[in-house]
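Subject: Structure handover

Hello,

Here is the structure I promised to pass on. Please open it beside this message and follow along.

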Amino acid sequence: MVSAATVIGFLLIMVVNTVLAAVSIRFFRLRLSTQWGAVVYSAVFIPLMYFVTTILLSGFIGFGGSGVEDRGTALIMVWVIPFTLAVSLELFWMPAPDEVELPEQTG
(Lines give C-alpha, C1' and ligand atoms only; values in the text may rest on other atoms or scores of the structure.)
Protein backbone atom coordinates (compact mmCIF):
# COMPACT_ATOMS: atom_id res chain seq x y z
CA MET A 1 0.00 0.00 0.00
CA VAL A 2 1.36 3.39 -0.97
CA SER A 3 1.15 6.13 1.62
CA ALA A 4 -0.03 9.68 1.00
CA ALA A 5 3.49 10.98 1.69
CA THR A 6 4.88 8.79 -1.09
CA VAL A 7 2.29 10.05 -3.57
CA ILE A 8 2.93 13.68 -2.60
CA GLY A 9 6.68 13.10 -2.87
CA PHE A 10 6.37 11.66 -6.36
CA LEU A 11 4.11 14.52 -7.42
CA LEU A 12 6.66 17.03 -6.11
CA ILE A 13 9.46 15.32 -8.03
CA MET A 14 7.30 15.28 -11.17
CA VAL A 15 6.54 19.00 -10.86
CA VAL A 16 10.19 19.92 -10.28
CA ASN A 17 11.35 17.79 -13.22
CA THR A 18 8.64 19.20 -15.50
CA VAL A 19 9.57 22.80 -14.66
CA LEU A 20 13.29 22.12 -15.13
CA ALA A 21 12.72 20.44 -18.48
CA ALA A 22 10.32 23.11 -19.75
CA VAL A 23 12.65 25.96 -18.83
CA SER A 24 15.69 24.16 -20.24
CA ILE A 25 14.02 23.26 -23.52
CA ARG A 26 12.81 26.83 -23.93
CA PHE A 27 16.28 28.20 -23.20
CA PHE A 28 17.90 25.83 -25.70
CA ARG A 29 15.36 26.64 -28.41
CA LEU A 30 15.78 30.39 -27.96
CA ARG A 31 19.55 30.57 -27.62
CA LEU A 32 20.84 27.92 -30.00
CA SER A 33 20.94 28.83 -33.66
CA THR A 34 20.16 25.38 -35.06
CA GLN A 35 17.11 23.24 -34.49
CA TRP A 36 19.16 20.09 -34.01
CA GLY A 37 21.32 21.81 -31.40
CA ALA A 38 18.29 22.28 -29.16
CA VAL A 39 17.28 18.65 -29.67
CA VAL A 40 20.75 17.31 -28.86
CA TYR A 41 21.20 19.54 -25.81
CA SER A 42 17.74 18.63 -24.56
CA ALA A 43 18.36 14.92 -25.05
CA VAL A 44 21.71 15.06 -23.23
CA PHE A 45 21.36 17.63 -20.46
CA ILE A 46 17.77 17.12 -19.30
CA PRO A 47 18.32 13.47 -18.28
CA LEU A 48 21.43 14.60 -16.39
CA MET A 49 19.36 17.21 -14.56
CA TYR A 50 16.68 14.60 -13.89
CA PHE A 51 19.29 12.28 -12.42
CA VAL A 52 20.53 14.99 -10.06
CA THR A 53 17.08 16.15 -8.97
CA THR A 54 15.78 12.62 -8.52
CA ILE A 55 18.78 11.61 -6.42
CA LEU A 56 18.56 14.84 -4.42
CA LEU A 57 14.83 14.80 -3.80
CA SER A 58 14.27 11.07 -3.33
CA GLY A 59 17.61 10.19 -1.79
CA PHE A 60 18.85 12.96 0.46
CA ILE A 61 15.57 14.72 1.22
CA GLY A 62 13.47 11.56 1.15
CA PHE A 63 10.53 12.59 -1.06
CA GLY A 64 8.89 9.69 -2.83
CA GLY A 65 9.75 7.21 -0.12
CA SER A 66 10.52 3.56 -0.63
CA GLY A 67 6.91 2.49 -1.16
CA VAL A 68 7.30 1.80 -4.86
CA GLU A 69 7.96 -1.82 -5.67
CA ASP A 70 8.11 -1.42 -9.44
CA ARG A 71 11.08 0.74 -10.43
CA GLY A 72 9.93 0.93 -14.05
CA THR A 73 6.72 2.66 -13.00
CA ALA A 74 8.67 5.06 -10.80
CA LEU A 75 11.03 5.85 -13.68
CA ILE A 76 8.12 6.58 -15.99
CA MET A 77 6.50 8.79 -13.34
CA VAL A 78 9.52 10.94 -12.57
CA TRP A 79 11.32 11.01 -15.94
CA VAL A 80 9.14 10.13 -18.92
CA ILE A 81 5.91 11.92 -17.98
CA PRO A 82 7.63 15.20 -16.99
CA PHE A 83 9.77 15.18 -20.14
CA THR A 84 6.84 14.57 -22.49
CA LEU A 85 4.75 17.17 -20.67
CA ALA A 86 7.56 19.74 -20.94
CA VAL A 87 8.09 19.03 -24.64
CA SER A 88 4.38 19.30 -25.36
CA LEU A 89 4.16 22.57 -23.41
CA GLU A 90 7.06 23.98 -25.37
CA LEU A 91 5.85 22.88 -28.78
CA PHE A 92 2.12 23.55 -28.47
CA TRP A 93 1.73 26.39 -25.95
CA MET A 94 4.80 28.60 -26.25
CA PRO A 95 5.40 30.89 -29.23
CA ALA A 96 7.93 29.80 -31.82
CA PRO A 97 11.51 31.02 -31.27
CA ASP A 98 11.25 33.19 -34.40
CA GLU A 99 8.38 35.14 -32.85
CA VAL A 100 10.27 35.99 -29.63
CA GLU A 101 12.36 39.14 -29.49
CA LEU A 102 15.62 38.65 -27.61
CA PRO A 103 17.43 41.58 -26.02
CA GLU A 104 20.35 42.99 -27.98
CA GLN A 105 23.72 41.66 -26.94
CA THR A 106 26.29 44.20 -25.84
CA GLY A 107 29.88 43.93 -26.48
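Below is what turned up, from the overall fold down to single residues.

Overall fold

Please note that this is a predicted model. The protein chain has 107 residues, and 24% of them are buried. Its secondary structure consists of 3 helices and 0 strands. Read from the N terminus, the order is α-α-α. Taking pairs at least 6 residues apart, 84% of the contacts join residues at least 24 apart. The accessible surface is about 7600 Å². Carbon and sulfur atoms account for 70% of that surface.

The cores

Which residues build the largest nonpolar core? There are 6 of them: Phe10, Ile13, Met14, Leu57, Ala74 and Val78. Helix H1, residues 4-31, and helix H3 each bring at least two residues to this core. H1 gives the most, with 3 residues. There is also a second, separate core of 5 residues. Among its members are Ala21, Ile25, Ile46 and Ala86. As background, nonpolar side chains tend to be buried together in soluble globular proteins.

The salt bridges

How many salt bridges does the whole structure hold? The search finds 2. One joins the side chains of Arg26 and Glu90, at 2.7 Å from N to O. Arg26 sits in helix H1 and Glu90 in helix H3, so this pair ties together parts that are 64 residues apart in sequence. The other joins Glu90 to Arg29, with the closest N and O atoms 2.8 Å apart. Here too Glu90 belongs to H3 and Arg29 to H1, so the pair ties together parts 61 residues apart in sequence.

Arg29 has 25%, so it counts as partly exposed.

The end of H1

Leu30 is another residue of helix H1. Its relative accessibility is 21%, so Leu30 counts as partly exposed. What does Leu30 touch, leaving aside residues up to four places away in sequence? The partners are Pro97, Val100 and Leu102. Leu30 and Val100 are 70 residues apart along the chain. Their C-alpha atoms are separated by 8.0 Å.

A nonpolar surface patch covers about 710 Å². Leu85, Leu89, Leu91, Phe92, Trp93 and Met94 make it up. Phe92 lies in helix H3, which spans residues 71-92. Phe92 counts as exposed because its relative accessibility is 69%, and exposed means over 50%.

In brief

The largest nonpolar core has 6 residues.

Best wishes

Methods:
Residues are numbered from 1 along each chain as its sequence is written. This is a predicted model: local features need pLDDT of at least 70, side-chain atom pairs count only at pLDDT 80 or more; totals for chains, interfaces and linings use all residues. Side-chain values use heavy atoms; hydrogens and water are left out. Patches are made of residues with over 30% relative accessible area and no salt bridge: like charges are joined within 9 Å, nonpolar side chains (Val, Leu, Ile, Met, Phe, Trp, Tyr) within 5 Å. Accessible areas come from the Shrake-Rupley method with a 1.4 Å probe; for residues, only the protein chains shown count as cover. A salt bridge is a side-chain nitrogen of Lys or Arg within 4 Å of a carboxyl oxygen of Asp or Glu. Helices (H or I, at least four residues) and strands (E, at least two) are DSSP runs, numbered from the N terminus. Buried means under 20% relative accessible area, exposed over 50%, partly exposed in between (1.4 Å probe, protein chains only). Contact means heavy atoms within 4.5 Å. A nonpolar core is a set of buried Ala, Val, Leu, Ile, Met, Phe, Trp, Tyr and Cys residues joined through side-chain atoms within 4.5 Å.
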